[in-house]
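Student: I'd like to learn how to read charge pairs in a model. Can we walk through one together?

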Amino acid sequence: MSFGLGGSGSGVPFHTRGHVFAEVFYGRKRWWFQPPGPEPRFDPDETSIRWLLNVYPTLAESEKAKITECTLGPGEMLYIPGLWHHSTLNLGETVFMSVFV
């Protein structure tokens, strides 16, 4: 289990892990997902906001078509299947929890 407080513009670049349930208690968190397979185009040393501003606009339509996104608000939860690539960006101050199963 992971509990976090994130400032506006903070987040986690694309990565994978096992199955995850994620919930937001306060604020909003934007998510991007891509199914298992080739990694999305990203630099693991670059922040999520830099990816959104500098890389995402340059993706080919075929690359964008593989990425799904959503924004969670207070009281909302999502499930991320194991090995799915995912990235987050906090929209304002955010309080959240992830449970790894």
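Student: Which residue forms a salt bridge with Arg41?

Tutor: Here's the general idea: side chains of opposite charge can pair when their charged atoms come close. In this predicted model, the partner of Arg41 is Glu63, with 2.9 Å between the closest N and O atoms. The pair links distant parts of the chain, 22 residues apart: Glu63 sits in helix H2 (residues 61–64), Arg41 in the loop between E3 and helix H1 (48–55).

Student: How many salt bridges does a search of the whole structure find?

Tutor: Two. The other one joins the side chains of Arg30 and Glu69, at 2.6 Å from N to O. Arg30 belongs to strand E3 (residues 20–34) and Glu69 to strand E4 (residues 68–72), so to speak distant parts of the chain, 39 residues apart. Glu69 is partly exposed, at 35% relative accessible area.

Student: And the charges overall: how many side chains are positive and how many negative?

Tutor: There are 8 positive and 10 negative ones, and the centres of the two sets lie 2 Å apart.

Student: In what order do the elements run?

Tutor: Starting at the N terminus, read β-β-β-α-α-β-β-β, from two helices and six strands.

How values were computed:
Residues numbered from 1 in each chain as written. Predicted model: local features only at pLDDT ≥ 70, side-chain atom pairs only at ≥ 80, totals over all residues. Heavy atoms only, no water. Salt bridge = Lys/Arg side-chain N within 4 Å of Asp/Glu carboxyl O. Helix = DSSP H or I, 4+ residues; strand = E, 2+ residues; numbered from the N terminus. Buried < 20%, exposed > 50% of the residue type's maximum accessible area, 1.4 Å probe, protein only. Lys, Arg positive; Asp, Glu negative; His and termini not counted. Charge placed at Lys NZ, Arg CZ, Asp CG, Glu CD.
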